[in-house]
Amino acid sequence: MSDGCFDIAVIGGGMAGASVAYELAADANVVVIEMEDQPGYHTTGRSAAVFTETYGPAPIRALTRHSRAFFENPPDLFCDSGLLNPRGILFVAREDQEENLDTLYRTIGSQPGIRRVDRSELSVLSPLLRRDYAVAGVLEEGARDIDVNGLHQGYLRGLRQRGGQVISGAEVESLERDAGDWKLRTRRETYSAPVVVNAAGAWADAVAALAGATPIGLMPKRRTIVIVAAPEGIDPDHWPGVVDVDEQFYLKPDAGRLLISPADETPSEPCDAQPEELDIAICVDRIQRAFDLEVQRVQNSWAGLRSFVADRSPVCGFDPDVDGFFWLAGQGGYGIQSAPGLSQLAAALIAGNSMPTELGDRGFDLSDVSPSRLERTRVTDRA
Ligand SMILES: Cc1cc2nc3c(=O)[nH]c(=O)nc-3n(C[C@H](O)[C@H](O)[C@H](O)COP(=O)(O)OP(=O)(O)OC[C@H]3O[C@@H](n4cnc5c(N)ncnc54)[C@H](O)[C@@H]3O)c2cc1C
């Protein structure tokens, strides 16, 4: 006996689950089931909040470009203020990294708003950057800060307005297929729906195991963020974010302070990730080498899990072998900026429609995100 019958049950209320549920709720009766009391508690609430059309593999870049229209013109009443704020991203290179900067420019230089920056302009754009450190840069003027909470809450509010439900503090502990319906059991309730969307972030392979689906080889990787003061009397808010061309660190103004990261990618089990002292120390060291900044005190720090499959593109599509089981996972370090585009794609596929035509026009190829592209091994097959 089920406590609720729905058309679609979404497991996970982070950005992936909230955004796809919002899109689906326009035409279907949708429930989001989230194990934490706060749906943004895990990766969604721990991001660096950057929107950049040059970051990540080609499918992500296409999805992010496609998402820009939603960010710039969200639906009426979706949010109280704009979802994007001016920022810019400056990729910088030391002398020994110049070749890598050339390669980056060859990859992204044809996109609008991208230009090379010479040594003299680097310190104008980012005054703390040491003059004897970086020799050249590439500027993405169109990069933005995202109001992540505004976007996430907008999706959850919009979902409820469309008649959808969010059940939080409810971990899905078992999944059973019965006469064309999934039965989803939490400690207190059972829900049923013919379609389940696996938007469980770092736990997506664990949720797949409940459904008897073959794992996609998802690897959660821990990334650390540290907040420090800007130098006395300096307001950094109009500076662009600065990213090492080999992604060894980044620094971004954050409400009058500086958000810094060693851009770490330490493999982890799915968990409530916490920052490690060593990663904080590495972060401060790398930042002090590149910037004229003496870090006296760490004001705040956190860590989150960015989850990738082998080719670092997301996984979006019905499982080829398990009926009614849809994957929406592996968004890595790009799941906020690509959420509008990816959720529109996922909702179209779940409804049995073709992908939005604008995505095809941007060179997006559905097979690059399909679960079928992955070489998947069941745990028992490995023995
Ligand atoms: C340090 C850091 C910086 C980042 N910076 C950026 C950035 O600048 N720009 C960008 O676009 N992206 C960034 N990202 C990536 C982005 O945050 C993620 O891609 C995105 O948040 C993933 O959303 P999600 O909904 O898949 O995962 P999550 O937010 O983790 O949501 C998954 C949810 O599933 C729930 N769940 C799991 N198992 C179950 C179960 N059995 N039952 C019920 N619920 C379950 C979890 O509780 C969780 O809330 C960053 C990430 C990190 C860690």
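About 40 Å³ of space lies in the largest cavity of this structure, a cavity being, on a 1 Å grid over the protein atoms alone, a set of points where a 1.4 Å probe fits but cannot get out, with grid points joined across faces, edges and corners and the volume taken as the space filled by probe spheres set on the points. The model is a predicted one, in which local features need pLDDT of at least 70 and side-chain atom pairs count only at pLDDT 80 or more, while totals for chains, interfaces and linings use all residues. Residues are numbered from 1 along each chain as its sequence is written, and side-chain values use heavy atoms, with hydrogens and water left out.

The structure holds one cavity of 30 Å³ or more. Lining residues, which have an atom within 4 Å of a point, include His42, Thr43, Arg46, Trp203 and Cys271 for the largest cavity. By class this lining has five nonpolar, three polar and one charged residues, where Ala, Val, Leu, Ile, Met, Phe, Trp, Tyr, Cys and Pro count as nonpolar, Asp, Glu, Lys and Arg as charged, and the others, Gly among them, as polar.

Turning to the ligand, 38 residues surround it, and the closest are Glu34, Thr44, Val50, Val172 and Gln337; a residue is near the ligand if one of its heavy atoms lies within 4 Å of it. The shell around the ligand is made up of 19 nonpolar, 13 polar and six charged residues. Helix H1 (15-24), strand S15 (219-229) and strand S20 (300-308) each supply at least two residues of this shell, and S20 gives the most, with three; helices (H or I, at least four residues) and strands (E, at least two) are DSSP runs, numbered from the N terminus.

Elsewhere, an open sheet of four strands runs in the order S1-S13-S12-S11 with mixed pairing, two strands being paired if DSSP finds at least two bridges between them. Strand S1 (4-5) and strand S11 (174-178) stand at the edges with a single partner strand each, so one side of each is left without a neighbour in the sheet. S11 pairs with strand S12 (residues 181-185) in the antiparallel sense over five bridges, and glutamate 176 has lysine 183 in S12 as its bridge partner.

Key
1 Å grid on protein atoms, 1.4 Å probe; cavity = no way out; pocket = protein on both sides within 12 Å on 5 of 7 lines; lining within 4 Å.
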